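I opened my notebook to look up a few residues, one at a time. Here is what I wrote down.

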Amino acid sequence: MTSQTTIDATGPGDKADKAQASPSEGPPAKGLRGHPWFTLITVAVGVMMVALDGTIVAIANPAIASDLGATFAQVQWITNAYFLALAVSLITAGKLGDRFGHRQTFLIGVVGFAAASGAIGLSDSIALVVTFRVFQGLFGALLMPAALGLLRATFPAEKLNMAIGIWGMVIGASTAGGPILGGVLVEHVSWQSVFFINVPVGLLALVLGVLILLDHRAENAPRSFDVLGIAFLSGAMFCLVWALIKAPTWGWGDGKTWAFVVGSVVLFALFAFWETKVKEPLIPLALFRSVPLSAGVVLMVLMAIAFMGGLFFVTFYLQNVHGMSPIDAGLHLLPLTGMMIVGSPLAGAAITKLGPRIPLAGGMAATAIAMYGMSTLETDTGGGLMSLWFGLLGFGLAPVMVGATEVIVGNAPLELSGVAGGLQQAAMQIGGSLGTAVLGAVMASKVDSDLAGNWTAAGLPELTPSQLDQASEAVQVGVAPVAKGTPEEIAVKITDVAHDTFISGMSLASLVAAGVAVVAVFVALLTKRGANAEAGAGVGHI
């Protein structure tokens, strides 16, 4: 499947003129406007805000709860509302970019995200915080696929992997670095500063976007909207992500959980049927005839399960078991962040030279080894061994973040680059939600099965069923359920039991994540270089 593109002020057969108009060199008369590397810097600044907010807010949640008098369930919605809005909207937002131009949607997304961030910082109730987090997710969904669409249209094929490598490095570093920055801001400024920081960053991205970005649009870009398709897909994504969010509370065997899962399956089926009937579908199902593209989507889901699920437990391990402050915990994750920063551009270069198959399979193999290594962590494991496994995890994730993105976007026609970008991001969000939910269920099951026996074996007073449930909830996040006034000797025993039980749960969850990564190695072998990656090299400027 190939795309029709418009050549800017050149004859279609004039290769020399076309080369002069290549986006890789930029039109001399327009200065910086449309320059590929400055375009990359611009979109990276905007994307950094969205990726950072995925993890930075977790550090601020306790301070928000204390200041606004929020319950634990309300605080959970600070994170859940953001991810829910983001995941549900990404593909539709990508289609908006394909329809109206990625420059416009990127700029609207940047302005809206920064404004919503400022509004959260000024909020005086948990309801307002959650409401504006929804708006953050919606506007973030606008700018993420648009960023990929701009890169795809601006960079020629031989430089696209390097550009996506740097783009992936920004996302990975922002995601992993969120706890560090969040810890510094919460401890030394305020929880509001975690959101206020997006305002100047958003202004910078807006100024750069107005000055640098060019709108690139394929000649056969979509001209209509598949409204019913949007409704079916949005409903299906909502039901799926809602089930994943609520499953830890409701339980995986609860009827409500399965009602939403079944509802999601039904809506996805209706969406697939409708897409075969409508003239301009939201997602042409023919896209998925491309085995590499489909493999790239699956690979992104599996990668996110291992990455986000693993990172979720590691933060509890560092802070609640090792007793580190948020800043110290973030610093101990620097090997993960650093290796993603170093590895992403290297991965881009390797993928350009070798194709995606070997780097992707090797990256997931390294991820599997790292997750296995993390399953061996103990309560007294030293920083050196932790750094080894964290660094290997970052090094393994880097080529997958880069290569899977290139496989998805590069195997889609240019006029669907926004939808492809939305698919890539939606796959990552769903994978992250799956990782947290499924690995969380593994952790909860292991803690529930081990805690009572470990408690009794330590010679501690017997707990009532209600007390055991409360203790289990605390232990699942590495917290020792020590009541005020407990004698020191008993408190030490409770702490040892809680931490040992948490470690056993984290170990099993890490082994499951390692198994997921092994499956992803075989999925990676189905990928290949994007068949349509070269389509962006000569696209016209509008």
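This is a predicted model: local features need pLDDT of at least 70, side-chain atom pairs count only at pLDDT 80 or more; totals for chains, interfaces and linings use all residues.

**Entry: Ser264**

I started with contacts: leaving out residues up to four places away in sequence, Ser264 touches Ala236, Cys239 and Leu240, where contact means heavy atoms within 4.5 Å. Residues are numbered from 1 along each chain as its sequence is written, and side-chain values use heavy atoms, with hydrogens and water left out.

Where does Ser264 sit? I found Ser264 in helix α11, residues 255-275 (helices are DSSP runs of H or I, at least four residues, numbered from the N terminus). Buried or exposed? Ser264 is buried, because its relative accessible area is 3% (buried means under 20%, exposed over 50%, partly exposed in between, with a 1.4 Å probe and protein chains only). I also looked at its side chain: a polar atom there lies 3.0 Å from the backbone oxygen of Ala236.

**Entry: Ala231**

Next I looked up Ala231, which belongs to helix α10, residues 227-250. With a relative accessible area of 45%, Ala231 counts as partly exposed. I then checked Ala231 against Thr92: they are 139 residues apart in sequence, and their C-alpha atoms are 9.6 Å apart in space.

**Entry: Asp450**

Last I turned to Asp450, placed in helix α17, residues 417-457. I put Asp450 down as buried, since its relative accessible area is 18%. Which residues does Asp450 touch, not counting those up to four places away in sequence? I noted Thr501 and Ser504.

Key:
Helices (H or I, at least four residues) and strands (E, at least two) are DSSP runs, numbered from the N terminus. A polar contact is a pair of N or O atoms within 3.5 Å; within protein, one must be able to donate a hydrogen and the other to accept it, and residues adjacent in sequence count only if both atoms are side-chain atoms.
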